[in-house]
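Biologist: Let us go through this model one feature at a time. Please give the cut-offs as the terms come up.

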Amino acid sequence: MSSFSRSLRVEDLLAGAFALALVAYGGARALLSGLQLSESDYWDFSFILSPLSLLVFLAALRYAMGGGRSLLADTGRQIVTIFRDWLPFLLFILFYEAFRSRLWMMVLGGDLDAELLAWDRRLFGETPAVWMDRLVSPTLTNLMTLAYFLHLILPPVVAFVWYRRSRRGFREFLLAVLLSGLLGSIGYMIVPAVGPAIAYPELFSTPLVGLLHEPITAVMDAARAPRDVFPSLHVGLSTIVLWYGAKLGRRWLWVLLLPVVGNWVSTIYLRYHYLVDVFAGWAVAALAIWLAWALLRLEERWRAEPEARVGSRR
């Protein structure tokens, strides 16, 4: 096995495959013209850049307090390792920014909101966002907006804790996040939709207003993919956060449970999703968690085979 192949990881291959599929599907020219980030898009990168920056700062602080040439070299290697561990996920977000811009409008067909609404009505009698219309108030809207926004806050927190505790646990967590993004992108292509608030505003009699609602949703809506309804990656990502938070310990489970459940409810209350999107988000999370575990096991076996062959020759 070459040194290059030994250095490859599952997440490297997935990020590379996603980039190649993106170029093949939309065309290189469309990709280059679509990759235009405004200031409102930058918050996406906080998922990786915030914990990464904190880890680099801690490494630099350790050197500043200790000093010495040997410690400088060790700190340099530590910083390189940090960037190496987080880079595939930063690249994935970069590719996803391009994928959700103008490319969507080029490759997607007509919206399927009518089909999703029909599924909700067939299974539940009505889409639950309509049921919640009678509960709408400024206070509850502010709480739901904060809960919806938590999908940006909780993942870097859990990733940072796992990075400090177990490098393998960290890789499995972010690999599950990466996989959920890949699976969600496929869902967006197959089932393009805009959500109840945009597709069926006539179903709602009470407007969503609140001190926090307008500024927060304005920023988030400006950076959303044009057709990002089925599955709900808010639900999928927060479910992954809850699963790996529970693996950190019971205390983390109880800390995360209420915010994550609030995040799930907010996707319906704020009229972004149909209930079938929520179920699809749970299914994507379950599949991504299992695939992350299985792929890391496969990688470990693949790396162990050459070592076993070398050992058997001695």
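Biologist: Where is Glu126 found?

Modeller: This is a predicted model, in which local features need pLDDT of at least 70 and side-chain atom pairs count only at pLDDT 80 or more, while totals for chains, interfaces and linings use all residues. Residues are numbered from 1 along each chain as its sequence is written, and side-chain values use heavy atoms, with hydrogens and water left out. Helices (H or I, at least four residues) and strands (E, at least two) are DSSP runs, numbered from the N terminus. Glu126 is found in the loop between helix H7 (113–124) and helix H8 (128–131).

Biologist: Is Glu126 buried or exposed?

Modeller: Buried means under 20% relative accessible area, exposed over 50%, and partly exposed in between, with a 1.4 Å probe and protein chains only. The relative accessible area of Glu126 is 16%, so this residue counts as buried.

Biologist: Which side chain does the side chain of Glu126 join in a polar contact?

Modeller: A contact means heavy atoms within 4.5 Å, and Glu126 touches Leu117, Asp120, Arg121 and Trp131, not counting residues up to four places away in sequence. A polar contact is a pair of N or O atoms within 3.5 Å; within protein, one must be able to donate a hydrogen and the other to accept it, and residues adjacent in sequence count only if both atoms are side-chain atoms. At 3.0 Å, the side chain of Glu126 has such a contact with that of Arg121.

Biologist: How many salt bridges does the structure hold?

Modeller: A salt bridge is a side-chain nitrogen of Lys or Arg within 4 Å of a carboxyl oxygen of Asp or Glu. For the structure, the count is six.

Biologist: Why are Arg168 and Glu172 separated by about one helical turn?

Modeller: These two residues form a salt bridge, with the closest N and O atoms 2.9 Å apart. Arg168 is partly exposed because its relative accessibility is 31%, whereas Glu172, at 5%, is buried. The separation is about one turn because both lie in helix H11, at a spacing of four residues.

Biologist: How many residues apart in sequence are the parts that Glu300 and Arg168 tie together?

Modeller: The side chains of Glu300 and Arg168 meet in a salt bridge at 2.5 Å, N to O. Glu300 lies in helix H16 and Arg168 in helix H11, so the pair ties together parts whose separation in sequence is 132 residues.

Biologist: What is the N to O distance between Arg171 and Glu299?

Modeller: Both Arg171 and Glu299 are buried. In their salt bridge, the closest N and O atoms lie apart by 3.0 Å.

Biologist: Which residues are linked in a network of salt bridges?

Modeller: Arg168 bridges to Glu172 and to Glu300. The network is made up of Arg168, Glu172, Glu300 and Lys247.

Biologist: How many residues apart are Phe124 and Phe279?

Modeller: Rings of Phe, Tyr and Trp (its six-membered ring) pair if their centres lie within 6.5 Å; planes under 30 degrees apart count as stacked, over 60 as edge-to-face and the rest as tilted. This rule gives six aromatic pairs. Phe124 and Phe279 form a stacked pair, 6.1 Å centre to centre with 10° between the planes. With Phe124 in helix H7 and Phe279 in helix H16 (residues 275–313), the pair links distant parts of the chain, and the separation is 155 residues.

Biologist: What angle lies between the planes of Phe173 and Tyr244?

Modeller: Phe173 and Tyr244 are both buried. Their rings form an edge-to-face pair, 5.6 Å centre to centre, and the angle between the planes is 70°.

Biologist: Which residues do ring pairs link into a cluster?

Modeller: Phe124 and Phe279 belong to the cluster. Phe124 is partly exposed, with a relative accessible area of 26%, and Phe279 is partly exposed at 43%.

Biologist: How far apart in space are Val261 and Thr239?

Modeller: Val261 is placed in helix H15 (residues 250–269) and is partly exposed, at 32% relative accessibility. Val261 and Thr239 are 22 residues apart in sequence, and their C-alpha to C-alpha distance is 8.9 Å.

Biologist: How many helices and strands does the protein chain have?

Modeller: Of its 314 residues, 49% count as buried. Among contacts with a separation of 6 or more, 88% come from residues 24 or more positions apart. The chain has zero strands, and its helices number 16.
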